[in-house]
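Thanks for coming. I will take one structure today and go through a few local features.

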Amino acid sequence: MQFCIAQRCAFGTAHWLLNLGNYAMAKKILAVLSNFGYWGVELTGPMLKLEAAGYELVFVTPKGQRPVALPPSYDTDYFDPPLGCRVTTTADAAEVIAVKDSPRLEAPLNLSSWFPERPYYSKPDFLRELEAYHVKLRELAEELDEYAGLLLVGGSGPIVDMVNNQRVHDLILGFFKQDKPIAAICYGVACLPMARDFNERRSIIRGKHVTGHCIEYDYHDGTGFIGTDFNLGPPPYCLEYVLTDAVGPEGQYHGNFGKPTSVIVDYPFITARSLQCSHEFGEQFVNVLERGVRRYGW
């Protein structure tokens, strides 16, 4: 094993045993994908591991449109500039193609019609609107009971419609309040420091150990999206810096630059740096759900 052996403290084991019955009944994982392009193996890698363990994935997108895989993510000739190599194996490309064109992604849940929008302060009758918003969120918490965990799939698309999406934040907070696993990979990880209670404004990953895109792996140019010809150049922010600030001095960001993979479990969070980590990421998600792992990779 590349990193330290996965560990469980006494509290973690007890917590896992208490929740084992809930996980056994709730064998569904809610997977959030962007409508502007996901990276293929960052879905199929964890998805196949979860399905092999008996879990069913339910898909949701910000606007309810079918998610589309980014073309480079199933092109075996695609050369990743910062990694300096071709990054998509023949096996991964075949799995991505089989899923991206399948009926499974045809009718995802629509997050914009499922979760409410938080009202502006300037809206008429703001206080009543805000109270109604919180009432609705409490009601939706019951709907999350049927899911064992949350998966935030990466790629460049999340930069556009997931990272600073208040409804995505509320979805994450719903799982966080239920103390259920929250797994994020690549730019899906960027959603975590943004998901904050509206009143407390405190990062939910404060004091945690996480990984995510390190600055060495960020593109200098060519950050593109499905459905638009807009070339952003580099990402609009350095995720490493965002995560480092969000975890604070009590936590730690692990870039693990130079290591083939970087997957960190600090319950309830499972974070993965990028596409190379997809399969290990899926394995650890299953280990958290099925074996009560609460720490891995640090």
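I will cover salt bridges, then a charged patch, then cysteines, and end with the backbone.

Before anything else, this is a predicted model. Every value I quote is computed from it.

Salt bridges to begin with. How many salt bridges does a search of the whole structure find? The search gives 10. I will go through three of these.

One of them pairs Glu-290 with Lys-27, where the closest N and O atoms are 3.2 Å apart. Where do the two partners sit? Glu-290 belongs to helix H10, residues 278–291. Lys-27 is in the loop between helix H1 (10–25) and strand E1 (28–32). The pair links distant parts of the chain, 263 residues apart. As for solvent, Glu-290 is partly exposed at 30% relative accessibility, and Lys-27 is partly exposed at 23%.

Helix H10 comes up again in the next pair. Lys-49 forms a salt bridge with Glu-283, and here the closest N and O atoms are 3.4 Å apart. Lys-49 lies in helix H2, residues 40–52, and Glu-283 in helix H10, so this bridge ties together parts that are 234 residues apart in sequence. Lys-49 has 30% relative accessibility and counts as partly exposed. Glu-283 is partly exposed too, at 36%.

Glu-129 has a relative accessible area of 32%, which makes it partly exposed. For Lys-123 the value is 39%, again partly exposed.

Now the charged patch. Which residues form the negative surface patch? They are Glu-139, Glu-142, Glu-143 and Asp-145. Taking Glu-142 as the example, this residue lies in helix H5, residues 126–143. Is Glu-142 buried or exposed? Its relative accessibility is 61%, so Glu-142 counts as exposed.

On to the cysteines. A search of the whole structure finds zero disulfides. The cut-off used for a disulfide is 2.5 Å between the sulfur atoms. Cys-277 is in no disulfide either, with the nearest cysteine sulfur, that of Cys-186, 9.1 Å away. Both Cys-214 and Cys-277 are buried: Cys-214 has 1% relative accessibility, and Cys-277 has a relative accessible area of 0%.

Last, the backbone. Which two residues does the cis peptide bond join? It joins Tyr-267 and Pro-268, with omega about 10°. Pro-268 is found in the loop between strand E10 (263–266) and strand E11 (269–272).

There are also two residues with positive phi to point out. Asp-125 is not a glycine, yet its phi is near 55°. Asp-125 is placed in the loop between helix H4 (111–114) and H5. With 52% relative accessibility, Asp-125 counts as exposed.

Asn-256 is not a glycine either, and has a positive phi of about 50°. Its place is in the loop between strand E9 (252–253) and E10. Is Asn-256 buried or exposed? At 17% relative accessibility, Asn-256 counts as buried.

That is the end of my list.

Conventions: Residues numbered from 1 in each chain as written. Predicted model: local features only at pLDDT ≥ 70, side-chain atom pairs only at ≥ 80, totals over all residues. Heavy atoms only, no water. Buried < 20%, exposed > 50% of the residue type's maximum accessible area, 1.4 Å probe, protein only. Patch = residues over 30% accessible without salt bridge, like charges linked within 9 Å, V, L, I, M, F, W, Y side chains within 5 Å. Areas by Shrake-Rupley, 256 points an atom, 1.4 Å probe, with all protein chains shown as cover. Salt bridge = Lys/Arg side-chain N within 4 Å of Asp/Glu carboxyl O. Lys, Arg positive; Asp, Glu negative; His and termini not counted. Charge placed at Lys NZ, Arg CZ, Asp CG, Glu CD. Helix = DSSP H or I, 4+ residues; strand = E, 2+ residues; numbered from the N terminus.
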